[in-house]
Every structure is written in C-alpha cells, then in structure tokens.
Amino acid sequence: MLRFKQHIVFTFILTCFLPYYEVRAEKFEDVEIRVIRPRYFNKSGRLELGGALTTVMNETFIYTFLATGLASFHFSESLALEASLSYGTGINKEDKRILFDEFEIKTQIFRTQYNAELALQWTPIYGKWQLSSGRLIYFDTYLQVGAGNTGVNWQYDDFCDPPDFEQNPDAEPLPSNTVKSYPGFSLGAGQRYFVSKKQAYKVDFKFHRFFYNTLDAECNPTAVEAAGNFESGASHDTLTLQFGTSYFF
C-alpha cells in the first residue's frame, strides 16, 4: 500500500513539472552546448622562442623601452625554464626638462639598459573564453621566479653639477658615464593566448629587485668612499610590462 501511494505522488509531481521542462528545452533548441574537450594546445617537451617589447613602468622622469628575446623549454604542461635578454634605452620625459629649465632641479635616474634573467615558470591555469563571434580563445596563466643581472646606464649629468675648477682646482671631476651590472631577482605573472597550434601572444608583469653599490650613484665617489658613507648592497625596484609573441617547435 505504501509503495502504491509513493507511485501516485511521483506521477503527480511528474505531471505537474513535465510541461515546465518541455518549455525550457524548447528555449534552448538553437543553443550550441560545448562540453569539456581535450587540451587544444600541448607544450610538454617543446621549445618556445619569441620576442617582446618591454617597458619600465615606475621610473618617474624617463620612458624606458627594451627589445626582449625569449627562449623557454617546457618540461611538462606546467613547468618550464625561460631565459630572457632585454636591451634598450631611456627617453627623457617632459617633467625632467621642466624641473631643470624652470627650477634648476636635477634628479637621480636609474636608466635600465639591459636585463638578463633565467626563470622557473609554473602554469597552474589553462582555460578558454568565447568571443561574441563564437570563436574560442585558449589561454594559460603562469607564475615565475627568476634571477639575473640588470645593467644600469649612469649618466651623471642627470643629477650632478659639474665642479667649478676655478674656485677649487682640486675638485673631484665628475665620473664618466658608464654602464654597471648588478645581480638581482624577479617575480612575475603572465598569460599566453594561443592563436594557432604553433603561435601564442604573451603579456607579462614583473617585479624586479637588484642590488647596487651606492658609490656608483655618487657625484664625488672618491670622497664618499674615503669617508665610508656608502652601501654596497642597496636595493632598487623596477616594475616591467611586456607584450610579445612566441612560436613553439
């Protein structure tokens, strides 16, 4: 008797709600439903070569642009080792000119000329999103940590006044402009957007910290060194944004 009552209740519920589900099904007749599918792009055991344009984002008085070459080997879908080499130059901003021409203020500038790094890359996210046209764009998101060297182009007329040898014949002359290399490390995150089975577009954001000798940033390094007023391990931070493309082999 109990099973008969349960059967009656189930039949009643089904009769009440079946029209609702039929209407819902009719609403989705023209909708294409995509299910989970195998990975579109495989990186394991492949070499990735590419190029990018890199800019330093946190230098107040100059624009810095670097051409970057990239080479990565993917041990698996999630782990890779990437080598990068960047070289470029800085362009003075209008702010720097105004400070000097109107207020005779000079500013200390860290002009990044090159950057060479080796980084371990971890890719925890792989996914896709759909354009309004219906096309699917596949991407992955990665994190990386690396170490390397940063070359700083010290241009002492940026922040030093030339000595007056007429008043002080023994004054220390300004150091000659030079490029110094400093060790450091970086932390970063980025994404690849796969446009074919062999090509991807890339965007990266990185935090760099390098360690320099403050004597290199002094207008009178000999006098400062004699007084002992310098630090050999001072740190400087830069933030870089990088756009590029790469090919897989």
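Visitor: What share of the contacts in the protein chain between residues at least 6 apart in sequence join residues at least 24 apart?
Guide: The share is 70%. Keep in mind that this model is predicted.

Visitor: What makes up the secondary structure of the chain?
Guide: Three helices and eight strands. Starting at the N terminus, their order is α-β-β-β-α-β-β-β-β-α-β.

Visitor: How much of the protein chain counts as buried?
Guide: Of its 249 residues, 34% do. The accessible surface is about 15,400 Å², and carbon and sulfur atoms hold 60% of that.

Visitor: What makes the link between the side chains of asparagine 115 and threonine 150 a polar contact?
Guide: The two side chains are joined at 3.0 Å. A polar contact needs a pair of N or O atoms within 3.5 Å, one able to donate a hydrogen and the other to accept it. The 3.0 Å value lies within that limit, so the link between asparagine 115 and threonine 150 counts as a polar contact.

Visitor: Which residues is asparagine 115 in contact with, leaving aside neighbours within four places in sequence?
Guide: They are Ser84, Leu85, Ser86, Asn149, Thr150 and His208.

Visitor: How do you know where empty space is left inside a structure?
Guide: A probe the size of a water molecule is rolled over the atoms, and this shows where empty space is left. Here, searching the whole structure gives two cavities of 30 Å³ or more.

Visitor: What surrounds the largest cavity?
Guide: Its lining has 16 residues, and Thr54, Leu66, Asn115, His208 and Thr240 lie nearest its centre. Strands E1, E2, E3, E4, E7 and E8 each give two or more residues to this lining. The space inside is about 140 Å³. By class, the lining has three nonpolar, 11 polar and two charged residues.

Visitor: And what is the volume of the second largest cavity?
Guide: About 40 Å³. Asn115 is one of its lining residues, and others include Glu117, Thr150, His208 and Arg209. Strands E4, E5, E6 and E7 each give two or more residues to that lining.

Visitor: Why do Glu117 and Arg209 count as charged in that lining?
Guide: Glu and Arg belong to the charged class, so both residues are counted there. By class, this lining has two nonpolar, six polar and two charged residues.

Definitions and conventions. Residues numbered from 1 in each chain as written. Predicted model: local features only at pLDDT ≥ 70, side-chain atom pairs only at ≥ 80, totals over all residues. Heavy atoms only, no water. Contact = heavy atoms within 4.5 Å. 1 Å grid on protein atoms, 1.4 Å probe; cavity = no way out; pocket = protein on both sides within 12 Å on 5 of 7 lines; lining within 4 Å. Points joined across faces, edges and corners; volume = space filled by probe spheres on them. Helix = DSSP H or I, 4+ residues; strand = E, 2+ residues; numbered from the N terminus. Buried < 20%, exposed > 50% of the residue type's maximum accessible area, 1.4 Å probe, protein only. Areas by Shrake-Rupley, 256 points an atom, 1.4 Å probe, with all protein chains shown as cover.
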